[in-house]
Amino acid sequence: MVTDDDQVFKALADPTRRFLLDLLFARDGRTLTELESELEMTRFGVMKHLRVLEEAGLVVTRRSGREKLHFLNPVPIRRIHDRWIDKYTEHHVAALLDLKNELEGDDGDE
Amino acid sequence: METNKTTHVYQVYIKATPEAIWEAITKPEWTRRYGYRSIAEYDLRPGGRYRGLATEEFQSMGMPSVVVDGEVLEVDPPRRLVHTWRFLWDDEVKAEGPTRVTFDIKPGSNGITSLTVTHELENAPTTTAQITGAIENAGGGWAYVLSDLKTLLETGSSL
């Protein structure tokens, strides 16, 4: 079964797609033509990457008149942060504190 | 002065009914349970007042008791809510004036509902930094709030 997380990790596991997200982070709400001009890739290639990002929920599109604008949606990355990163960095910090206490031979007082 | 207009779009899929999501956005007993835990006060009609009240904890850290205010523009329960949104944290950010927030709730298949928050800002750099989570130690903005809301509605407890 493909979970939402799988789709996000898969979408992020590509330098072109990460670059597209960086472009949207720098300036949100861009058209395909604008994004395409930043990449040495065919329009079709950029569309394919945007499609993967959209399916993973990392890019949301909105119509504005005749234009289709692409927006970075950071919520799935936040979900991964909350689910994975927080958990491990907490332990990491706790482990470092334990080490500090042990090396200093006290209860961690400065 | 150069106009600096930006729009930020946040979307999350939640295993909950549109009604449950609507309640979680508009009812204080829900808003105090996720995100910044502010207490929402909505007068749900066009022209009605919106206020977000800071928790006592945030107030003790120097936040004003009313941390966000606005005017309700559109109400279509449980599908769409539009209101202005002015951040009142300090005088500088308050002077940036009102921005505009739209909540769109769309039912999907298998009991999954999408919630899209569109925040439109103009000449509001500090407000933008706040809602995008760019200010260190000031929370993660909408991404954090919506992630927490999803966790609360799907598991019954927040992060």
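Biologist: In the hairpin of strand 6 and strand 7 of chain B, which residue takes a positive phi?

Modeller: Asn110(B), with phi near 55°; four residues sit between the strands there. Mind that this is a predicted model: local features need pLDDT of at least 70, side-chain atom pairs count only at pLDDT 80 or more, and totals for chains, interfaces and linings use all residues. Residues are numbered from 1 along each chain as its sequence is written, with chains lettered from A and ligands numbered from 1 in the order in which they are written.

Biologist: What makes strand 6 and strand 7 of chain B a pair?

Modeller: Strands are DSSP runs of E, at least two residues, numbered from the N terminus, and two of them pair if DSSP finds at least two bridges between them. Strand 6 and strand 7 (residues 112-122) of chain B have eight, antiparallel, so they pair.

Biologist: Which residues does Tyr10(B) touch?

Modeller: A contact means C-beta atoms, placed from the backbone, within 7 Å. Leaving out residues up to four places away in sequence, Tyr10(B) touches Asn73(A), Val75(A), Val117(B), Trp142(B), Ala143(B) and Leu146(B).

Biologist: How many residues make up the contact of chain A and chain B?

Modeller: Chain B brings 13 and chain A twelve. On the side of chain B, strand 1 (5-15) is one of the elements giving two or more residues, and it gives the most, seven.

Methods: Two residues are in contact if their C-beta atoms, placed from the backbone, lie within 7 Å.
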